Amino acid sequence: STDITIEKISFQYDSRTDPVINCLSLKIARGETVGITGQSGSGKSTLVDLLLGLYDVESGQIKVNDTNLVEIDRASWMERIGVVDQQPFLFNGSIRENIAFGAKDATDADIHDAAVRAHAAEFIGSFPKGYDTQVGDRGVLLSGGQIQRITIARALVRKPELLVFDEATSALDSHSEKLIQKTVEAEHGKATVVVVSHRLSTLVSADRIIVLDEGRIIEQGAPKALMAQDGAFKRMWDAQLRATNH
């Protein structure tokens, strides 16, 4: 797994005058699971894009195991990462082909192992053709939760050092969300895991939660500690609880 040090990074999109990420520093230890949350527009997804190397920081630096990210070959960095985002994409092919996509050396055993860890093996096994089941264009023959679990298996089969879930549960029902939570918990320590979500229930198993506002960290700590404080996280939690109970 991977050790990440973010040192005083700032970033802004050309069209916007205010920085989206504002002199932000953060250390993520090897094997740690970190949740990142904040209101819409707080900079969550931008921070992930910078971490993935999709954009370069304007000032400061991101270091991966003591090497500046800009010095790491982009293609080799992407090979070390597994990403699951809120718009999972399946191509028209079999479940096996979709899981193995991007992991050319994956064996059937690797594919099955990844499916088990993604809580996908059970529903795959219920199909008459199992892993040879055709998913249809964009996975039209599967449910949203099934598609998302196959994309998680695809991320896991790569045996990533860094596993990123970017709003991966935002469009799912609570059953699918719980299964993804279990996957995140089971990967603890195997990879460095970053979970970005505005849905706070997804983050409760993280070692540490970072709360962003206007591109700055306004609060961080273990979930229980943040719940005990009367701060931003607690206010967001209470608001979401009220919304689900109505």
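Which residues in helix 4 meet which residues in helix 6? The legends below describe a predicted model, starting with this contact.

**View 1. Helix 4 against helix 6.** On the helix 4 side, the residues in contact are D110, I111, A114, A115 and R117, and on the helix 6 side they are A153, L156 and V157. By class, these residues divide into six nonpolar, no polar and two charged. The axes of helix 4, which spans residues 108–117, and helix 6 come within 8 Å and cross at roughly 125°. That angle makes helix 4 oblique to helix 6. The crossing of helix 4 and helix 6 is right-handed.

**View 2. Helix 6 against helix 7.** Two packed helices are described by the angle between their axes and the distance between the axes. For helix 6 (residues 144–157) and helix 7 (residues 174–186), the angle is about 15° and the axes are 10 Å apart. Angles under 35 degrees count as roughly parallel, so helix 6 and helix 7 are roughly parallel to each other. Helix 6 crosses helix 7 in a right-handed sense. In this contact, helix 6 supplies G145, Q148, R149, I152 and L156, while helix 7 supplies S176, L179, I180 and T183. Sorted by class, the contact has four nonpolar, four polar and one charged residues. L156 of helix 6 takes part here and also meets helix 4.

**View 3. Surroundings of Q86.** Q86 lies in the loop between strand 6 (81–85) and helix 3 (95–100). Its relative accessibility is 41%, so Q86 counts as partly exposed. Leaving aside residues up to four places away in sequence, Q86 touches Q148, D166, E167, A168 and S170. One of these, S170, is 84 residues from Q86 along the chain, yet the C-alpha atoms of Q86 and S170 are separated by 6.4 Å.

**View 4. Aromatic ring pairs.** The model has six aromatic pairs. In the pair formed by F123 and F127, the ring centres are 6.0 Å apart and the planes stand at 70°, so the pair is edge-to-face. F123 has a relative accessible area of 10% and is therefore buried. Elsewhere, F11, Y13 and Y55 are linked by ring pairs into a cluster.

Technical notes: Residues numbered from 1 in each chain as written. Predicted model: local features only at pLDDT ≥ 70, side-chain atom pairs only at ≥ 80, totals over all residues. Heavy atoms only, no water. Axes fitted to C-alpha atoms, helices over the stretch in contact; angles between N-to-C directions. Helix = DSSP H or I, 4+ residues; strand = E, 2+ residues; numbered from the N terminus. Parallel < 35°, antiparallel > 145°, perpendicular 65-115°, else oblique. Left-handed = near helix turned anticlockwise from the far one by under 90°. Contact = heavy atoms within 4.5 Å. Nonpolar A, V, L, I, M, F, W, Y, C, P; charged D, E, K, R; others polar. Phe/Tyr/Trp six-rings, centres within 6.5 Å; stacked < 30°, edge-to-face > 60°. Buried < 20%, exposed > 50% of the residue type's maximum accessible area, 1.4 Å probe, protein only.
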